[in-house]
Amino acid sequence: MRAHVLLERGEAAAARASIAAAKSVVARLSEREASHIAYFDLLVGGDSEAALAAVYAHLDAWPRDAVVLGTTAFTNGLIGSSGRAGQKRVLLALLDRLAPSYGDDWWFTAHHGMALSENGQRDAARPKIDRSLAQNPNNPWAAHARAHLCYEEGDANAARAFLTSWLTTYPRNGLLYSHLSWHLALGELEAGDPASALRLFREAFAPDVHSGPPRGKLNDAVSFLWRWELAGHPRDAEGWRIMHDFATGEFPRAGVAFSDMHIALTDAVAGNDAALEARARQIDELARNGRYPSGPLVPAVAQAFAAFERRDFAAAIDALEPIAAELERIGGSRAQLDLVVFTLVKAYFGADRLDDARRTLSARGRSASDIPVAGLAAAH
């Protein structure tokens, strides 16, 4: 457990030392404990394919090992970061299978409801999320699932009302405080209150105040800054400079696709073509060695961001259209991947291809009137 916490914090060396200490006493442990440590050894070592096989084997034998399940039960967990097509369905299938072992457990039910929502099963998701919150009103995983459900339903006002109230009693240093504040800021943008959205960014989830791990600091801030611009607001040049410095300092080499996508966006905004090319080469090398399962998807998105920055909307569209149906493989929730979807929509708009913009939004289950992309609602 300690090794995984350290890994999530970006302290890889300390995580390896922790797992080595655990392995040194494995001969004295039970079969379950030995399997538990063996799984985390693979996870900390970065062998995701072997870890995927191990997590299934371990949970088949000990389905209620919530510490192991907790590494893959959420959207950006082991399965969600696997780079495989259909990984959201795979995660839901796992949770469906484990549900009888957990019964009416509030922690499990929150994750199960979230997985249902991510697979478009909102009617099934809602009672599970509501039940989890009723059992434990202070449960951040259920609050997170509720925020996603509101987002998928296009109900920004419901998200704002819920999160504004719920966050008042959640600790400022809680793991999900800043990420939930990001969700609230998206709701404010969608509802037409940019001043509140920007205030939340500066006070609750900019990197110097973010309550989560380094990757959370990166993803939330970069995503917001770009979506702020897509909504028609002026560039926060200082915010982008801070994020570029943060990204290059914390993540000098490619490794996790979802974060690499956000790092590429900071490079594109900075006009740092050399850094974009260097990270693309690193990704290609990792992919050739079987260690980057999403393959060319992030480099394609990076090309699109760079083209968009040049106002070359046709090139951005050409980069994104072939991979639009595969974005799930990059990782992240549907809400988080809308960073790319809305960029494509804005590029269509910039290229005067409004029918393609509408088609893309329809496929996503959204309409031009309820997404914060400047000019689209008026054109619609």
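Modeller: What follows sets values computed from a predicted model against the cut-offs behind each label.

Colleague: How many aromatic pairs are found, and why is the pair of tryptophan 166 and tyrosine 170 called tilted?

Modeller: A search of the whole structure gives 15 aromatic pairs. For tryptophan 166 and tyrosine 170, the ring centres are 4.9 Å apart and the planes stand at 35 degrees; rings pair if their centres lie within 6.5 Å, and planes under 30 degrees apart would be stacked while those over 60 would be edge-to-face, so this pair is tilted.

Colleague: What makes the pair of phenylalanine 201 and phenylalanine 205 edge-to-face?

Modeller: The planes of phenylalanine 201 and phenylalanine 205 are 70 degrees apart, with 5.5 Å from centre to centre, and an angle over 60 counts as edge-to-face. Both residues belong to helix H12 (residues 194-205), where they are 4 residues apart, about one turn of the helix, and both are buried.

Colleague: Why is arginine 146 said to lie over the face of phenylalanine 162?

Modeller: The distance from arginine 146 to the ring centre of phenylalanine 162 is 4.9 Å, and the criterion asks for CZ of Arg within 6 Å of the centre and within 35 degrees of the ring normal. The charged end of arginine 366 likewise sits over the ring of tyrosine 151, 4.8 Å from its centre.

Colleague: Which residues line the second largest cavity, and what is its volume?

Modeller: The second largest cavity has a volume of about 90 Å³, and its lining includes Tyr151, Asp155, His183 and Glu190. Helix H9 (140-152), helix H10 (156-166) and helix H11 (177-191) each supply at least two lining residues, with the largest share, 4 residues, coming from H11. By class, this lining has 7 nonpolar, 2 polar and 2 charged residues.

Colleague: What is the volume of the largest cavity, and which element gives the largest share of its lining?

Modeller: The largest cavity has a volume of about 120 Å³. Its lining has 14 residues, and among those closest to the centre are Phe74, Lys88 and Glu118; H7 gives the largest share, 4 residues.

Note on methods:
Residues are numbered from 1 along each chain as its sequence is written. This is a predicted model: local features need pLDDT of at least 70, side-chain atom pairs count only at pLDDT 80 or more; totals for chains, interfaces and linings use all residues. Side-chain values use heavy atoms; hydrogens and water are left out. Rings of Phe, Tyr and Trp (its six-membered ring) pair if their centres lie within 6.5 Å; planes under 30 degrees apart count as stacked, over 60 as edge-to-face and the rest as tilted. Buried means under 20% relative accessible area, exposed over 50%, partly exposed in between (1.4 Å probe, protein chains only). On a 1 Å grid over the protein atoms alone, a cavity is a set of points where a 1.4 Å probe fits but cannot get out, and a pocket is an open set with protein on both sides within 12 Å along at least five of seven lines; lining residues have an atom within 4 Å of a point. Grid points are joined across faces, edges and corners, and a volume is the space filled by probe spheres set on the points. Ala, Val, Leu, Ile, Met, Phe, Trp, Tyr, Cys and Pro count as nonpolar, Asp, Glu, Lys and Arg as charged, and the others, Gly among them, as polar.
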